[in-house]
Amino acid sequence: MEWKLDRSSHTPMYRQIIKYVEYRISNGEYPPGSLLPSERALAKELGVNRSTVVTAYEELRASGLVTSKKGSGTRVGLFGQEAGYNQLPDWDQYVIGGSLLPNVPLMRRIFKEARNEKVMDLATGELSPDLFPRAQVEERMRTAHFTFQSGYEHQQGNLQLRETIASQLKRDRNIDTASSSVLITSGAQQALYLIIQCLLKPGDTVVIEDPSYCYSLPLFKSMGIKTCLLTADKHGINPDDIVMFHQKNKIRMIFLNPTFQNPTGISLHPKRRKKLLEIAVEYGIPIIEDDPYTLTAFDTEAPPTLKSMDDYGVVLYISSLSKIVSSGLRIGWMVGPQPVISRLADVKQQIDFGQSIFSQWMANEVLTSPNFDEHIQELGLTLHRRRDVMIQALAKYLPNEVEFSVPKGGIHLWCKLKKHVSEGRLLEQAIENGMIFMPGSALGSTEGYVRFTFGRTDEMYIEEAIARFARALLCNGIDNV
């Protein structure tokens, strides 16, 4: 029978093409040294984009099964029969057999396009390169002396950096802690990973916000953790919902991003923060407070962190430099009870033997720089302007198509679309128009939302990016079904 692509399959088409070529090599239809169809010819034959075949051939070349030479085409490797091709590992089975689930295809698509310099990025949750304090860092590198040891560090991270972080937390966020209760991590992402892996077990139930960044993480499902979803109003989540879930499911942990939340920008009301802590103490449920945005407050001071209000040690506090300096430094930290920190530090040491000493040194230099406060102030002003530029662009290009609340900090704008859309079609059309955004379904259970990040794209390009999104939405993104 003639082989055809299964377009209804969950297996990507390029992977199906790889399996097809591998099969024909293994059964001798494509003997060693034989010429394979050209990328263009095979794409036409199968009715797919040429880029799909290009990806498949690149994978085959990487595996060593085929070789390519300019002017000579792509040929089966001469070693095929001698090496006993049929005895090669079935890597596809290994790939799908691991315990950690991959990111969903939608997220992988966005991550791929985010690397395309021709695409305006309103999707990626990080700061643009121009917000990195380059001049300050270069000055510190010229004048500062490298005082850290060059070998493996303390399993919790460099002591000097931990002391600096403890001091900064007290000054800027009113959090009392000691260096012995601080763990340096590879960003906040690793801190969440360590907590889920070390402090929870399959079958446990946790609560997360809906929508939220946590919603996008495959980690919970990979570990067999059940998640209950907390919806929010303009004042954040309702703490009484946690009691309801706990009575039904025995909640093991509460995961929250209570200040300028990702993606909504909402901050949990101070009265609800107090009630939340009371519930956590009453029922013995730990709170994981993810706090990347407190220092980005615009018009007014950010609400007090949960950790600063925690008199009983129920909060594990996570933060990082990713949203205030640079995600590339990969410096985050966790603050909590010392026995918990020691346990997580032990596991981190098993994974990577600790954080890079050079990134820790640089982080310490940045945090202790006399210009750090000036940087934070300028960062807040810049993000504030970019937020306003985005709001003005939405009013100009989509005055009747979206609605949103105005965030008072952070880097995201959460928009509700007033018309039904096909998310996949809208994203692809936006990419064709040269921009990307984060579809709401990647971050929450309710359809009809999009997240725009105003921290990632330079101020001068934000309006054009919104204009491109508007063309995608109004021209081709609407689902009339």
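Contact here means heavy atoms within 4.5 Å of each other. Helices (H or I, at least four residues) and strands (E, at least two) are DSSP runs, numbered from the N terminus.

## Model and confidence

This is a predicted model, in which local features need pLDDT of at least 70 and side-chain atom pairs count only at pLDDT 80 or more, while totals for chains, interfaces and linings use all residues. Residues are numbered from 1 along each chain as its sequence is written, and side-chain values use heavy atoms, with hydrogens and water left out.

The predictor's confidence in each residue is called pLDDT and runs from 0 to 100. Its mean over the chain is 91, and 95% of the residues reach 70 or more. Residues 80-85 stay under 50, and the model has 6 contacts for them beyond four places in sequence. Residues 477-481 are also below 50, with 12 contacts beyond near neighbours in sequence. Where pLDDT is low, the predicted coordinates should not be read in detail.

## Two crossing helices

Helix H7 (residues 159-173) and helix H13 (residues 357-368) have axes that come within 9 Å and cross at roughly 35°. Axes are lines fitted to C-alpha atoms, for helices over the stretch in contact, and angles run from 0 to 180 degrees between N-to-C directions.

On the H7 side, Gln160, Leu161, Thr164, Ile165 and Gln168 take part; they meet Gln360, Ala363, Asn364, Leu367 and Thr368 of H13. The residues of this contact divide into 4 nonpolar, 6 polar and no charged. Ala, Val, Leu, Ile, Met, Phe, Trp, Tyr, Cys and Pro count as nonpolar, Asp, Glu, Lys and Arg as charged, and the others, Gly among them, as polar.

## The sheet

An open sheet of 7 strands runs in the order E4-E12-E11-E10-E9-E5-E6, with mixed pairing. Two strands pair if DSSP finds at least two bridges between them. At the edges are E4 (182-185) and E6 (226-230), each pairing on one side only.

Within the sheet, E10 (residues 287-290) and E11 (residues 315-320) pair in the parallel sense over 4 bridges. Asp290 stands opposite Ile318 in E11. Helix H10 (residues 239-249) packs on the sheet and touches E5 (205-209), E6 and E9 (251-256); the direction of H10 makes about 155° with that of E6.

## Asp233

Asp233 lies in strand E7 (residues 232-233). Asp233 counts as partly exposed because its relative accessibility is 37%, and the partly exposed class lies between buried (under 20% relative accessible area) and exposed (over 50%), with a 1.4 Å probe and protein chains only. Leaving aside neighbours within four places in sequence, Asp233 is in contact with Ile266 and Arg272.
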